[in-house]
Amino acid sequence: MNTMAQAEDIFLRAKHRTFRGFTEDIEHEWTGPFYFIQAADPQLGLMKAWREGDCDGGGDEWTEEVDLTKQAVAAMNQLRPRPRFMVLCGDLVHAMPGTIFRDEQERDLKMALSGTDPSIPLVFVSGNHDLGNTPTPKTVAQYCSAWGDDYFSFWVGGVLFLVLNSQFFHDASACPQLKESQETWLEEQLSKISYSSSTAPKHIVVFQHIPLYVNNHDEEDDYFNLQREVRQKLIERFKKAGVKAVFSGHYHRNAGGYNDGLDMVVSSAIGCQLGEDTHGVRVVVVTADQVIHRYHTLDQMQKEGMDEDLRKLLQA
Ligand SMILES: [Zn+2]
């Protein structure tokens with residue numbers, strides 16, 4: 001029983017709006033360049049659903065996605081130095097809350113991720129498939145019981161990271177209070193940063209599933225971005241607080257844009273691809289001045305490790 005409890009624990013580090021081991025107390029100081037792995041959409045079950053033209057029903061075979069997740073974990077485990085953490089930016093599984101195969105997909109994903117080296121904490125971000133397109137208090141509670149808090153902040157090496165629940169930006173009609181709570185919390189986080197310069201973070205980085213935008217900050221609304229009005233307000237708030245980059249998934253292709261100091265990074269999937277990219281993860285190096293990132297295919301990372309240019313930045 002004890003080993004089971006310990007094994008489960010790596011999925012529940014995000015509690016009380018912070019992350020065990022990565023609190024401000026422990027990690028507020030800048031100690032030099034470091035890196036982390038950002039990935040998205042293992043989405044167990046999508047491949048079969050996609051092939052069979054049933055995007056929302058899930059399927060009963062997701063071995064391919066399990067294997068890709070295991071490959072991502074294996075490739076990451078062999079990197080030296082080790083990344084400080086891996087963040088999975090949502091759509092952990094394909095089966096919507098309360099639907100058939102949900103439990104099995106969550107179980108199999110946890111199994112695949114449990115091969116992660118114990119020194120690399122796993123940070124989870126909730127996606128539309130994890131919470132439902134219109135989340136309810138019940139679906140949010142289910143997510144939190146399986147993967148920890150749906151929004152929280154944490155510190156690593158003097159950098160502040162904010163994990164957001166982007167479903168509240170998309171459609172909070174069935175959970176207005178939860179959306180309000182995140183708003184209040186976010187405002188507090190962002191204003192704290194602007195006013196206390198003595199404890200100011202080196203950088204601020206945001207993780208959320210749905211990108212603010214896919215290619216251009218002024219693009220039309222569609223399935224893959226946040227609605228324009230919501231998007232513009234967030235961009236303003238992020239810029240005002242000095243947020244450097246927003247990392248997301250959801251698009252199953254690499255994309256993104258840069259606008260007035262704010263880098264919007266959209267990473268393709270570990271799992272099912274919807275464009276021309278290959279299964280992969282993003283390596284993100286944080287230096288004193290910059291947050292620099294490059295997408296690595298799983299094959300490439302497994303064979304060659306981290307991109308040489310990025311590695312050099314770590315030694316600077
Ligand atoms: Zn998604």
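**View 1. His250 sits in the loop between β9 and β10 (255–259).** Helices (H or I, at least four residues) and strands (E, at least two) are DSSP runs, numbered from the N terminus. This is a predicted model, in which local features need pLDDT of at least 70 and side-chain atom pairs count only at pLDDT 80 or more, while totals for chains, interfaces and linings use all residues. Residues are numbered from 1 along each chain as its sequence is written, and side-chain values use heavy atoms, with hydrogens and water left out. His250 has a relative accessible area of 3% and is therefore buried. Buried means under 20% relative accessible area, exposed over 50%, and partly exposed in between (1.4 Å probe, protein chains only). The phi angle of His250 is near 75°, a positive value in a residue other than glycine.

**View 2. Gln43 lies in the loop between β3 and α3 (46–51).** Its phi is near 35°, again positive in a residue other than glycine. Gln43 is buried, at 2% relative accessible area. From Gln43 to His250 the C-alpha distance is 9.9 Å, across 207 residues of sequence. Residues up to four places away in sequence aside, Gln43 touches Glu65, Asp91, Leu92, Val93, His94, His129 and His252. Contact here means heavy atoms within 4.5 Å.

**View 3. Ser248 belongs to strand β9 (residues 243–248).** Ser248 is buried, with 0% relative accessibility. Its contacts, leaving aside neighbours within four places in sequence, include Gln38, Cys89 and Gln208. His209, Ile210 and Pro211 are also among them.

**View 4. Thr287 occupies the loop between β12 (280–286) and β13 (291–297).** Thr287 is buried at 11% relative accessible area. Not counting residues up to four places away in sequence, Thr287 touches Trp30, Pro33, His203, Ile292 and Leu313.

**View 5. A cis peptide bond joins Arg80 and Pro81.** Omega is about -10° at this bond. Pro81 is placed in the loop between α4 and β4 (86–88).

**View 6. Helix α4 (residues 63–77) meets helix α5 (residues 102–113).** Two packed helices are described by the angle between their axes and the distance between the axes. Here the axes come within 8 Å and cross at roughly 25°. Axes are lines fitted to C-alpha atoms, for helices over the stretch in contact, and angles run from 0 to 180 degrees between N-to-C directions. α4 and α5 are therefore roughly parallel to each other. Angles under 35 degrees count as roughly parallel, over 145 as roughly antiparallel, 65 to 115 as roughly perpendicular and the rest as oblique. The α4 and α5 crossing is right-handed. A crossing is right-handed if the near helix is turned clockwise from the far one by less than a right angle, and left-handed if anticlockwise. On the α4 side, Val66, Thr69, Lys70 and Val73 make the contact. Ala, Val, Leu, Ile, Met, Phe, Trp, Tyr, Cys and Pro count as nonpolar, Asp, Glu, Lys and Arg as charged, and the others, Gly among them, as polar.

**View 7. α5 also packs with helix α7 (residues 137–147).** Their axes come within 12 Å and cross at roughly 25°. That makes α5 roughly parallel to α7. α5 passes α7 in a right-handed crossing. Arg102, Glu106, Leu109, Lys110 and Leu113 of α5 contact Gln142, Ala146 and Trp147 of α7. The contact residues divide into four nonpolar, one polar and three charged.

**View 8. Phe36 and Phe161 form an edge-to-face aromatic pair.** Rings of Phe, Tyr and Trp (its six-membered ring) pair if their centres lie within 6.5 Å; planes under 30 degrees apart count as stacked, over 60 as edge-to-face and the rest as tilted. By this rule there are 24 aromatic pairs. For Phe36 and Phe161 the centres are 5.5 Å apart, with 90° between the planes. Phe36 lies in strand β3 (residues 34–39) and Phe161 in strand β7 (residues 159–163), so the pair ties together parts 125 residues apart in sequence. Phe36 is buried at 0% relative accessibility. Phe161 is buried too, at 0%.

**View 9. Phe19, Phe22, Phe36, Phe85, Phe152, Phe154, Phe161, Phe207 and Phe247 form one aromatic cluster.**
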